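Please read the following report alongside the sequence and the three-dimensional model. It takes up packing, strand pairing and a few local details in turn.

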Amino acid sequence: MQSNPIKTIFTGCMVVAIAIATNGCDKDKNDARPQDNSRIPQVLTDNFNLTVMNTVVLRTHMKNELLKSGPYTLFAPSDEAFNKAGYGTVTAILGASQQLIDGMANYHVMPGLYDLQKMPFLFNQEIKSFSGKLFVTRWVKGQDTIITVNGSRLLSSGISASNGYVQVIDRVLEPYRHEQVGNAVAGEKSLTLFYHALRVAGMIPLLEGAGPLTVYAPANDAMKAYGYPTLETIEATDPAILRNMLRYHIAADRRFVNDYILSTGSGSATTQGMINNNSVKVTLVPDPQQPGNFTGITLRGTGNTADVKLVRRDIIAGNGVLHITDQVLRINQ
């Protein structure tokens, strides 16, 4: 029996028409689906105070990572924070090396949701970013609950995105680079004399231990003024004398500058015990713009006649924190 060609053609046309109609309906249905414009990159784009961090994300693989379902927590330094760190404009970020920007992006993004307002009232609780450890403190100061990340103040406790949180902080976090604080000291060009003293004194193993430790390291100029102008001078010194001096620069604790600001009572001074069983006086530096607030600390050993200032602060390592000072902490005058 022969088939009717006209019927066959008509049937084929009907199949094609139905397929086109069906595909057209599916396409219309797809086009009608709402787009997710509230993921973290869009939140950054929409926030006028986060333009520099937005540029950091756009320059790195984090642009695509943060468009995924996540969830993620992004610690976003404000534009003012970037300005203080030497990246005052988007142009500065565009001109920086790719390696530096990649490290910055990886360190500021956490896989997972971290609602910092629900963390315990403790100092330096460890969390992990894409590239290393961070330390969160939640504490009560007066009538306020203060939260810090690596000593950086939390300004906004959670801008919600559909795939996580954006937490705004007041300083750019220095990427985690060293597992041991001894390596952090060795990596600073301004600390060659202090590091050599640690080696001659046999104290490097201490800085490579589990910790936590906080090291207040005098810069080279401070070591020279104290009487150690060269490596040879240090090598000629009795290791026991060096150990006595160096142990007054190390605390058996992890202490960021803001930890002192939070833990100091109603006054503006406290003490820090060192591993030589002596204490250093810590005085809070008032904020001239905001009476009652503080911007930093000075130190004074029992033998110092002037305040010891921090040249750099809050350099993080896996087992501690490094601060660089402008004077040696003196036990005796």
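Leaving aside its neighbours within four places in sequence, with which residues is leucine 246 in contact?

## Basis of the description

This is a predicted model, in which local features need pLDDT of at least 70 and side-chain atom pairs count only at pLDDT 80 or more, while totals for chains, interfaces and linings use all residues. Residues are numbered from 1 along each chain as its sequence is written, and side-chain values use heavy atoms, with hydrogens and water left out.

## The nonpolar cores

Beyond the four places on either side of it in sequence, leucine 246 is in contact with Phe194, Ala197, Leu198, Ala201 and Met203, contact meaning heavy atoms within 4.5 Å. Leu246 is also among the residues with the most contacts inside the largest nonpolar core, a set of 29 residues in which Phe194, Leu198, Val215, Met223 and Leu322 are listed with it. Such a core is a set of buried Ala, Val, Leu, Ile, Met, Phe, Trp, Tyr and Cys residues joined through side-chain atoms within 4.5 Å; buried means under 20% relative accessible area, exposed over 50%, and partly exposed in between, with a 1.4 Å probe and protein chains only.

The elements that give two or more residues to this core are α8 (181-186), α9 (192-200), α10 (204-207), β8 (213-218), α13 (239-246), β13 (308-317) and β14 (320-325). Helices (H or I, at least four residues) and strands (E, at least two) are DSSP runs, numbered from the N terminus. The most is given by α9, with four residues. A second, separate core has 25 residues, including Met62, Ile101, Val109 and Val172.

## Helix α9 and its surroundings

Within α9, the buried residues are Leu193, Phe194, His196, Ala197 and Leu198. They pack against α8, α10, β8 and α13, and also against α11 (220-226) and α12 (231-235). After α9 comes glycine 202, whose phi is positive, near 75 degrees.

## The seven-stranded sheet

Seven strands form an open sheet of mixed pairing, in the order β9-β8-β14-β13-β12-β11-β10, where two strands pair if DSSP finds at least two bridges between them. Its edge strands, β9 (250-251) and β10 (269-273), each pair on one side only.

Strands β8 and β14 are parallel and share six bridges, and alanine 217 has isoleucine 324 of β14 as its bridge partner. By contrast, β13 and β14 pair in the antiparallel sense over five bridges and form a hairpin with two residues between them; here leucine 310 is partnered by threonine 325 in β14. Strand β12 (residues 294-300) runs antiparallel to β13, to which two bridges join it, and the partner of threonine 298 in β13 is lysine 309.

## Glutamine 98

Glutamine 98 is found in helix α7 (residues 98-107) and counts as partly exposed because its relative accessibility is 34%. Apart from neighbours within four places in sequence, glutamine 98 is in contact with Arg59 and Thr60. Arginine 59 lies 39 residues from glutamine 98 in sequence, and their C-alpha atoms are 8.0 Å apart.

## The cavity

The structure holds one cavity of 30 Å³ or more, and the largest cavity has a volume of about 40 Å³. On a 1 Å grid over the protein atoms alone, a cavity is a set of points where a 1.4 Å probe fits but cannot get out, and lining residues have an atom within 4 Å of a point. The lining consists of Glu174, Pro175, Tyr176, Arg177, His178, Ile315 and Ile316.

Technical notes
1 Å grid on protein atoms, 1.4 Å probe; cavity = no way out; pocket = protein on both sides within 12 Å on 5 of 7 lines; lining within 4 Å. Points joined across faces, edges and corners; volume = space filled by probe spheres on them.
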